[in-house]
Amino acid sequence: MQDKPFKIFSGTKSRYFAEKVCNSLGCPLGNMIIEHFADGEFSVSYEESIRGRQVFLIQSTFPSSDNLMELLLMVDAAKRASAKSIIAVVPYFGWARQDRKDKPRVSIGAKLIADMLSTAGISRLITMDLHADQIQGFFNVPVDHLYGSGVFVDYMKTFNQDNLVIATPDVGGTKRASAYAKFLGCPMVICYKIRKKANEIADMQIIGDVTDMDVLLIDDIVDTAGTMTKAADLMMKNGAKSVRAIASHAVMSDPASDRVEESSLTEIIFTDSIPYTKSCSKVKVLSVADMFANAIMRVCNNESISSLYVV
């Protein structure tokens, strides 16, 4: 690692992912200490020189907000240690669902997080499957937006393609599902849902026909799994032969795992952008560490990243 111009460091909760990335790159994970104090504060210190180096900081910003605060302190410490450039590698970009004012007097959380990271001193952001593509425009630094489709498509090849239909559990995911349907040459159906409030669905209907079809639900985030499991049950009631789901980020807040276990889903496939620590026999996790490692090398070598895009 001494002859390489870059170093990779990780926050506490994303260390499992950073170690996979380093294994893929054939380099050690950088030595950094995050010291916690009795009152809940913590401090970050690099235990090796990073002067003049490209520094990649791997940390997803999923709850709790300590993960975001760790990343901000890591960026600030790297800036003060004279790093040449600071690239935040954020497999899961939290607060992305707050990308607009959907009612009066609310914050736009995604923009605030973008401003905080920019002010802290990042030179670039590498992330995956943002909830809304326009979040890239919230940053004044380059954003490399990767897609989990690279690993999902390979896994989909094991499915029965003859009766496959792509579905989206809500209208907001239509563009994403349409891209998969076009790539695979499959028909698409849409679930239309009406919410009473956040994380609570009042009604859901299917637009399209799923009779005798193997349904594949596509989404970016599964939080409480209410939408996904209700959509799966609705597909089966409308004559589907089977229902699977893929989603990039396994937020999986309680009681999501229980809902998935008790639902009509055959399986649900996630990436490892967030550590899935619960227990559910229907959950399968695919790693995107090699994809991020490839992106890191391409950034270092000033090579194109667009060739990594599949869907």
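Which residues in α2 meet which residues in α3? In this predicted model, where local features need pLDDT of at least 70, side-chain atom pairs count only at pLDDT 80 or more, and totals for chains, interfaces and linings use all residues, Leu68, Leu71, Leu72, Val75, Asp76 and Lys79 in α2 meet Ile113, Met116, Leu117, Thr119 and Ala120 in α3, contact being heavy atoms within 4.5 Å. Residues are numbered from 1 along each chain as its sequence is written, and side-chain values use heavy atoms, with hydrogens and water left out.

By class, that contact of α2 with α3 has eight nonpolar, one polar and two charged residues, where Ala, Val, Leu, Ile, Met, Phe, Trp, Tyr, Cys and Pro count as nonpolar, Asp, Glu, Lys and Arg as charged, and the others, Gly among them, as polar. Helices here are DSSP runs of H or I with at least four residues, and strands are runs of E with at least two, numbered from the N terminus.

As for geometry, α2 (residues 66-80) and α3 (residues 109-120) pack at an angle of about 25 degrees, with their axes 8 Å apart; axes are lines fitted to C-alpha atoms, for helices over the stretch in contact, and angles run from 0 to 180 degrees between N-to-C directions. The two helices are therefore roughly parallel to each other, given that angles under 35 degrees count as roughly parallel, over 145 as roughly antiparallel, 65 to 115 as roughly perpendicular and the rest as oblique.

The buried residues of α2, among them Leu68, Leu71, Leu72 and Val75, where buried means under 20% relative accessible area, exposed over 50% and partly exposed in between, with a 1.4 Å probe and protein chains only, pack against β1, β2, β3, β4, β5 and α3. Just after α2, serine 82 takes a positive phi of about 65 degrees.

The axes of α4 (residues 149-156) and α5 (residues 174-184) come within 12 Å and cross at roughly 45 degrees, so α4 and α5 are oblique to each other. Ser149, Phe152, Val153 and Met156 in α4 meet Tyr180, Phe183 and Leu184 in α5, and by class this contact has six nonpolar, one polar and no charged residues.

Finally, a strand residue: isoleucine 194 lies in β9 (residues 188-197) and is partly exposed, with a relative accessible area of 39%. Its C-alpha atom is separated by 9.3 Å from that of aspartate 170, 24 residues apart along the chain.
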